Amino acid sequence: MNTRNLRWMMLVVGGVLPALLVAGIVGGGCTDDARWYTCDDDSPPAIDNKPCYDAGPDANVCDEDGGCNDAGTGGGDEGTGGGGEQEGGGDGIGGGMSSLCAGQCVPKEPPGWFEPLLLWLGPPDRVPDCPATAPVPGDELHADLVVEPYRCAACACDPPETSCELPAAWSAVDAPCPGDPGAQRTSFAAPEAWDGTCTTANAIPAGQACAGGPCTQSLDLPAPRVIAGACSPSVVEEPAQEPQGGFRWATAAKTCAGVVAYAPCGESGMRCSPAPPEGAAAPPEGFLTCIMHHEGEHECPPTYPSRHIAYEGAEDSRGCSACTCGEPSGGACSVWVSAFSDAECSTGVVSVLMRSDSSFCGAIAPGTALGSKSAVVVDLDPGSCTAVGGELIGEVAPRGPVTFCCLDRQPQQPAPPRARDPELG
């Protein structure tokens with residue numbers, strides 16, 4: 001049993017003895033209630049100058065003003081305006097033989113529901129105190145969740161760390177470009193991890209003969225290659241704004257219960273419960289008579305058809321997904337390459353601007369010496385990465401639903417019972 005259920009049960013159990021006293025069941029004298037007084041056969045004729053009579057089947061009941069009515073029938077003499085059963089609000093609400101009920105007679109709650117109480121629904125800044133008829137407040141509840149916008153900063157990616165790998169596998173071919181696939185190649189490759197400075201590596205002397213004639217009839221170079229590292233994610237800073245996110249409740253729900261068990265209603269299937277205060281504002285900002293179910297959302301019974309759901313609170317699990325970056329793409333570089341016939345990179349044979357998206361093959365004078373070479377990067381585009389993330393995740397979800405089922409309208413209460421003093425006629 002949870003704490004809230006135990007709290008309500010203590011209120012109900014704690015009120016049994018006062019109810020018995022009010023009903024005049026406990027023997028040994030008169031009992032004083034705010035509305036009426038009863039006594040047994042051995043009691044003195046009055047308490048505090050108020051008449052007090054037998055509370056048996058034919059007993060008279062007196063209110064504070066000294067007026068009297070027959071408590072057994074709710075009537076008095078025919079034609080005096082009190083006789084017969086009181087009809088109250090009609091439709092079985094507030095009517096019947098309810099003369100002993102100091103509050104209101106309403107339909108009993110179905111199994112699993114808490115007995116009727118008062119419920120107030122309205123703006124959170126106008127929550128009233130519980131009325132005197134039901135002075136015990138319940139848990140703080142809420143309704144109509146309003147979720148404030150939550151925005152995520154846009155993700156971005158820094159450019160990747162990129163380099164341009166110079167063409168290294170140079171070769172001389174003993175055939176014109178594009179050359180026969182079976183043509184003989186002679187390596188004129190650059191050294192490993194070449195930085196482009198002048199080098200004589202794998203020089204080919206003039207007139208060197210191959211199967212197809214002079215070994216140097218054309219020069220073939222592969223394309224330079226872009227080498228890109230990973231991109232680092234970053235966050236695009238947004239202009240300064242008021243704090244974002246969060247939530248609020250548009251409606252407060254306040255429950256109020258009585259402190260004593262009320263006297264029984266005379267009609268089968270009815271229960272005496274606290275009555276809303278007189279002159280209270282009409283719903284939705286007034287007090288409603290409702291039954292309550294703590295465990296989740298439930299359909300309402302026909303006797304209490306108006307359904308309201310309130311919540312203990314809400315949880316905001318919203319956030320933004322982490323920023324990440326995809327694979328780099330779009331990088332490019334341009335390299336100026338040159339071949340020379342001497343060893344000092346001074347007598348040029350071929351000079352060409354190569355791009356990373358294409359290779360080069362060019363004709364040279366047959367038998368020309370290839371004595372040295374050089375290369376220099378003239379342009380490098382690092383490319384980019386696609387940013388991923390920065391999207392809203394999570395939600396604001398209400399928790400702890402409580403179902404209230406209420407009367408469509410508040411019952412019209414019968415006038416307080418007034419007992420007739422036989423001695424006064």
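Let's start with Asn202: at 42% relative accessibility, this residue counts as partly exposed (buried means under 20% relative accessible area, exposed over 50%, partly exposed in between, with a 1.4 Å probe and protein chains only). The model is predicted, so local features need pLDDT of at least 70 and side-chain atom pairs count only at pLDDT 80 or more, while totals for chains, interfaces and linings use all residues. Residues are numbered from 1 along each chain as its sequence is written, and side-chain values use heavy atoms, with hydrogens and water left out.

- Most residues other than glycine have a negative phi.
- Asn202 isn't a glycine, yet has a positive phi of about 55°.
- Ala193 lies in that loop between β14 (185–187) and β15 (209–210) too, and this residue also has a positive phi of about 55° without being a glycine.
- Is Ala193 buried or exposed? With 76% relative accessibility, Ala193 counts as exposed.

**Strand β26 and its partners**

- Strand β26 covers residues 332–340, and eight of its nine residues are buried.
- Which strand is joined to β26 by nine bridges? That's β29 (residues 372–381), and the two run antiparallel; strands count as paired if DSSP finds at least two bridges between them.
- Within this pairing, Cys333 has Leu380 in β29 as its bridge partner.
- β26 also pairs with β27 (residues 348–355), again in the antiparallel sense, over seven bridges.

- Trp336 lies in strand β26 and is partly exposed, with a relative accessible area of 38%.
- Together with Leu353, Val376 and Val378, Trp336 makes a nonpolar surface patch of about 360 Å².
- Patch residues have over 30% relative accessible area and no salt bridge, and nonpolar side chains are joined within 5 Å.

- Ser218 is found in strand β17 (residues 218–221).
- A polar atom of the Ser218 side chain lies 2.7 Å from the backbone oxygen of Ala175.
- Beyond its neighbours within four places in sequence, Ser218 is in contact with several residues, among them Ser171, Pro176, Cys177, Cys361 and Ile364; contact means heavy atoms within 4.5 Å.

Terms used
Helix = DSSP H or I, 4+ residues; strand = E, 2+ residues; numbered from the N terminus. Polar contact = N/O pair within 3.5 Å; in protein donor to acceptor, adjacent residues only side chain to side chain. Patch = residues over 30% accessible without salt bridge, like charges linked within 9 Å, V, L, I, M, F, W, Y side chains within 5 Å. Areas by Shrake-Rupley, 256 points an atom, 1.4 Å probe, with all protein chains shown as cover. Salt bridge = Lys/Arg side-chain N within 4 Å of Asp/Glu carboxyl O.
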